[in-house]
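This report describes how parts of one structure pack together. Please look at the sequence and the model first.

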Amino acid sequence: MAAVRAFVPPLQPRRAEICRTAAQIFRDRGYDATSVSDLARALGITKAGLYHYFESKEALLFEITSYGLDRVRDEVILPARAVRDPEARLRQMVMRHARIATQGRGAIAQIVDEVRALPPPARKRVEERMRAYVDLVRDTLVELRSAGRLRDVDPTVATFSVIGTILWLPRWFRQNGRLSQEQVANQIADIVLAGLLRSRPTVKRHAARRVAKGPRRVKR
């Protein structure tokens, strides 16, 4: 099995096109069932032409996966880390990740299960990057629990449930469907937060404040 280099340069237009097409094919047929000949045929090039851009099918999978993780890092993790309130941070992560998962038929988001096909060193690098996102979601839930705002759920179970919900989106979302990408992202965020967070006792809190202040004085 060919080695996969750790460095992945920025995607050039042709490389990006190859990655998008390959991601769709891997998603539809499965990585193992897709040959280099299948990829070359779909791209309208020869196998030699494909090898000009990628030294192996494993290297192509690694670059696709790295591109997807780069998007999660730049569009989800980094913006979320700037949000101090854990509830707002959780909503931002869910919505931003949902937008990525529903773009371009979500092929890149859906091939996460194919990481197992990578050589061990490359798979380890990918899994370490995935772990950074998982840890951020879990740390946010732990922070909510410490503040008494999380329901009685295990943060680890909740973390994988949230991420799994988002990764399942491309399997049913349709770009020309009844709901837009933004509407779906908002509703997924609403469902996640409603299921995980304790309701805020707004009325009781205001009543408690009035009691603490004492009865209002009536002007005479």
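## Basis

This is a predicted model, in which local features need pLDDT of at least 70, side-chain atom pairs count only at pLDDT 80 or more, and totals for chains, interfaces and linings use all residues. Residues are numbered from 1 along each chain as its sequence is written, and side-chain values use heavy atoms, with hydrogens and water left out.

## Helices α1 and α4

Helices are DSSP runs (H or I, at least four residues), numbered from the N terminus. Helix α1 (residues 13-29) packs on helix α4 (residues 57-81) at an angle of about 100°, and the axes are 10 Å apart. Axes are lines fitted to C-alpha atoms over the stretch in contact, with angles from 0 to 180 degrees between N-to-C directions. The two helices are therefore roughly perpendicular (65 to 115 degrees).

In contact (heavy atoms within 4.5 Å) are Arg15, Ile18, Cys19, Ala22, Ala23 and Phe26 of α1 with Lys57, Leu60, Leu61, Glu63 and Ile64 of α4.

## Helices α5 and α8

Helix α5 (residues 86-101) and helix α8 (residues 155-168) pack at about 30°, with axes 8 Å apart. That makes α5 roughly parallel to α8 (under 35 degrees). The α5 side of the contact includes Val94 and His97, and the α8 side includes Val162 and Ile166.

## Charges over rings

A charge sits over a ring if NZ of Lys or CZ of Arg is within 6 Å of the ring centre and within 35 degrees of the ring normal. Arg15 lies over the face of Phe54, 4.5 Å from the ring centre. Lys57 lies over the face of Tyr31, at 4.2 Å.

Notes
Parallel < 35°, antiparallel > 145°, perpendicular 65-115°, else oblique.
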